[in-house]
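Thanks, everyone. Please look at the screen.

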Amino acid sequence: MAFDGLFTYSITADLQQLVTGRITKIHQPNAQEVILHVRANGKNHKLLFSIHSSYARVHLTEQVIENPAEPPMFCMLLRKHIEGGFIASIKQRDFDRIIIVEIESKNEIGDPIVREIHAEIMGRHSNLLLIDQEQGKIIDSLKHLPPSVNSFRTVLPGQPYIAPPTQNKWNPLTVTDEELTAFFAEGKTSKEIVQQLAGFSPLHAEELLYQMKTTSNTLACFKDFMTSFANGGMKPMYVLFNQKVYFSPIELTHLHDGDITIYPNVHELLDRVFFARAERDRVKQQAGDLERWLQNEIDKLALKTKKLTKDYERASKLDQFQLYGELLMANIYAFEKGVKEVTVTNYYSETGEEITIPVSERKTPIENAQSYYTKYTKAKNALVMVQEQLEKTTDEISYFEMLAQQVQQASPGDIEEIREELAEQGYLKLRHAKKKKKQAKPEPERYVSSTGVTISVGKNNKQNDMLTFKLAKRTDIWLHTKDIPGSHVVIHSSEPDETTLREAATLAAYFSKARESSSVPVDYTEIRQVKKPNGAKPGFVIYFEQKTLYIDPDETVILQLKKQS
């Protein structure tokens with residue numbers, strides 16, 4: 001993780017644009033994220049705080065994050081204390097991963113008060129706290145830490161605020177030239193830099209050492225390196241190198257052989273880094289039980305398929321029962337009651353070889369022949385029934401796998417529609433809601449292509465059916481991954497340009513089971529060529545006269561299309 005003290009320094013510098021801004025709204029999408037809506041310098045901004053153990057961060061975001069129907073208690077508390085307040089300052093504590101937002105507000109009787117939001121970006125120890133500045137006490141926090149959990153500092157409402165322990169490292173902004181010169185006089189490793197200088201992660205320590213190789217003036221190189229982090233960074237960069245993701249507010253010259261993308265600012269960079277992962281985590285919080293249920297159903301159906309396949313193999317012996325019955329009837333006078341087997345000539349074979357047929361010694365020749373005819377009839381009926389059951393089970397597996405893929409790639413708002421669909425199909429009972437709400441119409445996600453054409457994406461079966469059969473025109477272009485579970489995508493144009501067509505195909509490939517693959521086949525045709533068979537499950541269609549594109553899913557393209565919408 002490259003969200004170290006240096007990254008925090010860059011973010012804090014760039015967030016100065018919010019100072020004097022007014023906090024207009026506060027939302028808490030889930031237990032780990034808070035969003036402040038700030039009106040500053042004539043613009044609206046969304047400031048995201050996340051304390052996720054793997055994705056902890058603070059930055060401005062353009063992503064649309066859905067909120068729960070009822071705000072959590074911490075969100076209500078923030079609204080009470082800081083909504084309508086003005087941001088007086090945003091600063092970093094001791095070059096650590098701590099950002100303090102000072103807010104001037106008013107209490108219930110109109111007296112001025114000062115509150116502080118402390119964002120501690122420290123992996124699994126990350127936290128967000130609301131502090132009474134005058135008293136130096138904690139009003140509340142997203143995570144509570146009683147003395148039994150943390151003996152150094154108690155994080156509970158009403159307790160004095162104690163900052164996380166310092167590591168007694170040099171502050172890169174205040175360390176003297178003499179100390180730096182002496183430190184770099186001998187060759188250093190990245191580990192030694194991390195141990196000595198506050199705010200350095202191994203990634204930025206490696207970059208500093210790489211830059212120092214090209215100069216003899218290490219002091220000037222160090223100062224230039226620090227300057228490059230000021231004001232939000234010189235060149236925010238996303239690098240894919242050796243199948244690993246690296247990101248930084250500055251150019252990572254030591255990773256120049258990687259797949260590099262430059263972003264206009266650190267906030268868009270972080271949206272790119274955490275876009276899919278953070279969204280996936282939000283969904284997991286809401287749909288973990290649904291994922292487990294779907295997987296259990298798929299596993300049960302797989303076992304059922306094995307059993308039915310064995311039954312089918314047994315029933316497939318019906319031709320042998322018919323042959324035995326007919327040969328016994330043809331040789332009815334050749335054997336008598338009391339024998340265990342009969343050897344007869346197989347008249348139906350070209351070679352006319354002899355065949356031995358097991359018979360019951362308690363039955364007459366006619367009864368034995370009739371017994372094989374009865375087995376033949378039963379096997380014939382069973383074969384039809386087992387075949388029907390196999391087809392039904394295979395269809396159900398495909399259906400549940402499609403839903404599992406939709407849950408994997410859903411946004412939090414899509415999950416409830418998937419639950420509703422399963423309830424309508426008789427698979428699940430809906431959870432009891434506190435208030436009976438009028439069911440809203442499914443709303444597919446909207447994107448806009450680089451050339452300004454609207455594209456819609458169904459994120460679940462309800463949205464797919466709504467999009468394909470109600471919202472789209474007959475001449476619109478419909479796309480779907482070929483023989484792969486995925487979303488219905490519609491270009492709202494009868495003659496889209498090549499750029500729009502490929503971007504829509506990228507959306508279809510990205511929102512499919514083949515998201516992590518390359519050269520994904522995507523079919524496209526007119527809506528008029530898409531049909532829904534009678535009795536088909538939600539989301540299932542057949543289509544004709546399609547053409548196929550081969551697309552590499554690209555998250556950067558998805559972000560850009562969403563941004564344009």
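Start with F247. Its relative accessibility is 6%, so F247 counts as buried. Keep in mind that this is a predicted model.

Now, what does F247 pair with? The partner is F7. The two ring centres are 5.8 Å apart and the planes sit at 70 degrees, so F7 and F247 form an edge-to-face pair. The cut-off for that label is an angle over 60 degrees.

Where do the two partners lie? F7 is in helix α1, residues 5-14. F247 is in strand β11, residues 244-248. These parts are 240 residues apart in sequence, so the pair ties them together. And F7, buried or exposed? F7 has a relative accessible area of 0%, so F7 is buried.

Next pair. F183 and F184 are also aromatic partners. Their centres are 4.9 Å apart, with 75 degrees between the planes. That pair is edge-to-face. F183 has 10% relative accessibility, so F183 counts as buried. F184 is buried too, because its relative accessible area is 9%. For burial, the limit is under 20%.

Ring pairs link F183 and F184 into a cluster with W170, F200, F222, F225 and F229. How many aromatic pairs does a search of the whole structure find? The search finds 20.

On to a histidine. H27 lies in strand β1, which covers residues 22-30. Its relative accessibility is 19%, so H27 counts as buried. Remember, the cut-off is under 20%.

What does the H27 side chain make a polar contact with? With the side chain of H37, at 3.1 Å. Leave out residues up to four places away in sequence. Then H27 touches E33, V34, I35, H37, N67, C75 and R79. So H37 turns up in both the polar contact and the list of residues touched, and H27 itself is buried at 19%.

Last stop: the surface. Which residues make the nonpolar patch there? F540, I542 and F544 make it. The patch is about 270 Å².

F544 lies in a loop. On one side of the loop is β21, residues 542-543, and on the other is β22, residues 547-551. F544 has a relative accessible area of 38%, so F544 is partly exposed. Compare the pair we began with: F7 is buried at 0%, and F247 is buried at 6%.

That's the tour. Questions, please.

Key. Residues numbered from 1 in each chain as written. Predicted model: local features only at pLDDT ≥ 70, side-chain atom pairs only at ≥ 80, totals over all residues. Heavy atoms only, no water. Helix = DSSP H or I, 4+ residues; strand = E, 2+ residues; numbered from the N terminus. Buried < 20%, exposed > 50% of the residue type's maximum accessible area, 1.4 Å probe, protein only. Polar contact = N/O pair within 3.5 Å; in protein donor to acceptor, adjacent residues only side chain to side chain. Contact = heavy atoms within 4.5 Å. Patch = residues over 30% accessible without salt bridge, like charges linked within 9 Å, V, L, I, M, F, W, Y side chains within 5 Å. Areas by Shrake-Rupley, 256 points an atom, 1.4 Å probe, with all protein chains shown as cover. Salt bridge = Lys/Arg side-chain N within 4 Å of Asp/Glu carboxyl O. Phe/Tyr/Trp six-rings, centres within 6.5 Å; stacked < 30°, edge-to-face > 60°.
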